[in-house]
Amino acid sequence: MAGVADAAAPGSSGDGRRGGAPEQLQQQQDTGRGERKSSCSSGESRPLLGGSGQPPPPQRTETLGFYESDRERKKKKSVSDLSLLRFISAELTRGYFLEHNEAKYTERRERVYTCMRIPRELEKLMFFGIFLCLDAFLYVFTLLPLRVFLALFQFITLPCYGLRDRRLLQPAQVCDIFKGVILVICYFMMHYVDYSMMYHLIRGQSVIKLYIIYNMLEVADRLFSSFGQDILDALYWTATEPKERKRAHIGVIPHFFMAVLYVFLHAILIMVQATTLNVAFNSHNKSLLTIMMSNNFVEIKGSVFKKFEKNNLFQMSNSDIKERFTNYVLLLIVCLRNMEQFSWNPDHLWVLFPDVCMVIASEIAVDIVKHAFITKFNDITADVYSEYRASLAFDLVSSRQKNAYTDYSDSVSRRMGFIPLPLAVLLIRVVTSSIKVQGVLAYACVVLFYCGLISLKVLNSIVLLGKSCQYVKEAKMEEKLFSPPPTSTPGKPPSKPQSKFKSTQGISTDESFSASVTNQPVHQKENTTSLLVTSNSDQFLTTPDGEDKDISQDNSELKHRSSKKDLLEIDRFTICGNRID
């Protein structure tokens with residue numbers, strides 16, 4: 001049995017080596033599969049032996065900045081070292097680069113620079129605008145009486161020279177006479193208003209009631225200014241438009257009474273404002289003056305967080321100029337009334353001086369803060385104020401042209417809402433009641449003072465005209481000075497403005513620009529036709545066949561018109577679509 005087993009053992013072993021080869025291969029394949037499965041499950045790849053015999057480098061998957069091998073190696077460290085110390089070190093050594101978002105930070109820096117430039121640019125506009133208002137205001141006291149005297153002298157001596165024209169007087173002379181007559185009538189009507197009784201009536205009211213009254217007066221002043229200039233323009237046009245029948249001149253009478261009533265009521269309104277301000281100055285605890293000054297800061301809340309375009313900002317700038325100049329005149333009236341009560345004691349002037357400076361400083365601070373944040377929130381550059389200044393200068397220069405269609409004081413009234421007639425009536429009333437003129441020496445002082453006002457008006461006009469010509473040339477608006485005024489009818493859109501007149505005498509643009517400023521306007525006859533240059537190719541408008549095309553082109557151009565052109569057509573009371581988004 002043992003021999004058989006021993007004999008069978010070699011046979012079985014030999015058969016195993018010969019016939020058991022398939023079983024060994026199967027076992028090797030199963031072992032290989034198990035190893036591959038284990039390597040796949042552990043995330044490691046077994047190197048494959050290639051022709052070169054060099055295995056490829058092991059590939060490690062990255063998870064949140066750490067590799068699998070690193071994770072296995074970090075398991076040996078403590079948990080505290082893994083969480084807190086590494087987080088603190090990462091926070092201390094973490095870095096970033098601002099140049100990755102260069103456009104954003106450049107825009108923020110430009111906004112800061114714009115806010116720093118706003119005070120200088122705004123005050124330059126305010127300074128120029130205040131002197132424009134001063135020029136229109138001094139015109140009422142200085143040149144208007146002389147022009148009225150010359151117009152009346154010409155009307156009286158007209159039979160001696162005969163009628164050379166169909167018109168007895170020029171349209172400008174008729175408007176001057178109406179202004180002078182309205183000024184005189186309203187001045188005598190103001191004598192029936194007792195300033196002292198009004199002062200004591202307002203002084204007896206409570207502080208809160210006076211604060212509400214002052215706010216209502218500001219709103220009423222804006223409404224009066226918006227409608228008052230339309231009343232005056234309607235009077236001027238009704239009196240000067242060509243009429244075929246003499247009966248048509250009767251329509252001037254109701255317009256004249258409406259104008260007189262408006263100027264009288266507006267003057268009373270401004271007198272109540274000045275009286276309220278005077279009560280605030282004379283109050284013991286200055287509480288009313290503080291409340292009235294804090295009212296200026298309410299403007300910041302009402303205007304800063306709204307959407308503004310350039311046209312809306314232009315309207316606000318004109319309103320601020322008019323408001324600041326009006327406040328200066330009101331402060332002058334308050335000082336005159338207080339000095340009269342204290343028998344013109346110069347020591348009392350130094351008592352009023354700190355309050356006056358406080359009111360002026362609050363106005364300037366509120367305007368600067370308001371405009372700075374409006375330009376910041378609406379992405380408006382500081383260069384826009386130079387465009388506004390050029391637009392105001394254009395009004396002054398265009399009123400001196402041959403084809404001027406309005407007086408300069410009227411253009412300031414339309415642009416800024418500043419109407420000098422009611423304010424002038426009130427100032428004359430206060431000055432005549434505060435200063436008593438007795439004796440020859442006193443009248444001589446009045447004449448010298450009047451001559452000084454004329455000199456100031458002439459000097460101011462010369463300086464303003466020179467600066468206005470400079471601003472217009474810098475803005476390249478000379479060609480618009482020689483374009484005819486825009487005319488429109490109720491059924492048609494406004495006509496398309498042309499570039500300039502055809503130069504028939506060979507005069508250059510600069511020479512005609514400087515020469516036409518000082519020339520007098522010439523009345524153009526109805527049969528006179530002027531040739532207008534539309535482009536450099538000498539194309540003229542000679543046939544009316546293209547009117548429909550021009551109307552459609554005008555409607556399309558109104559949507560794409562630049563902001564600089566729009567400024568010349570926008571006054572203080574034009575609605576520009578100021579809405580909150």
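Biologist: Why is Phe325 called buried?
Modeller: Its relative accessibility is 6%. Buried means under 20% relative accessible area, exposed over 50%, and partly exposed in between, with a 1.4 Å probe and protein chains only. The value of 6% falls under the cut-off, so Phe325 counts as buried. Note that this is a predicted model: local features need pLDDT of at least 70, side-chain atom pairs count only at pLDDT 80 or more, and totals for chains, interfaces and linings use all residues. Residues are numbered from 1 along each chain as its sequence is written, and side-chain values use heavy atoms, with hydrogens and water left out.

Biologist: What makes Phe418 buried?
Modeller: Its relative accessible area is 2%. That is under 20%, so Phe418 is buried.

Biologist: How many aromatic pairs does the rule give?
Modeller: The count is 14. Rings of Phe, Tyr and Trp (its six-membered ring) pair if their centres lie within 6.5 Å; planes under 30 degrees apart count as stacked, over 60 as edge-to-face, and the rest as tilted.

Biologist: Why is the pair of Phe178 and Phe256 called tilted?
Modeller: The centres are 5.9 Å apart and the planes make 55°. Phe178 lies in helix H8 (residues 171–190) and Phe256 in helix H11 (residues 252–282), so the pair ties together parts that are 78 residues apart in sequence. Helices here are DSSP runs (H or I, at least four residues), numbered from the N terminus. Both Phe178 and Phe256 are buried.

Biologist: Why is the pair of Phe325 and Phe418 edge-to-face?
Modeller: The planes stand at 85°, with ring centres 5.2 Å apart. The angle is over 60 degrees, so the pair is edge-to-face. Phe325 lies in helix H13 (residues 310–341), and Phe418 in the loop between helix H16 (408–416) and helix H17 (420–434). The two parts tied together are 93 residues apart in sequence. Phe325 and Phe418 also form one aromatic cluster with Phe137 and Phe141.

Biologist: What makes the charged end of Arg389 sit over the ring of Tyr471?
Modeller: That end is 4.5 Å from the ring centre. The rule wants NZ of Lys or CZ of Arg within 6 Å of the ring centre and within 35 degrees of the ring normal. The distance of 4.5 Å is within 6 Å, and the charge is assigned as over the ring.

Biologist: What makes a space a cavity, and how many are found?
Modeller: On a 1 Å grid over the protein atoms alone, a cavity is a set of points where a 1.4 Å probe fits but cannot get out; lining residues have an atom within 4 Å of a point. Grid points are joined across faces, edges and corners, and a volume is the space filled by probe spheres set on the points. The search finds three cavities of 30 Å³ or more.

Biologist: Which residues line the largest cavity, and which helix gives the most?
Modeller: There are 24 lining residues, with Tyr214, Glu218, Gln273, Glu323 and Asn327 nearest the centre. H13 gives the most, with seven residues.

Technical notes
1 Å grid on protein atoms, 1.4 Å probe; cavity = no way out; pocket = protein on both sides within 12 Å on 5 of 7 lines; lining within 4 Å.
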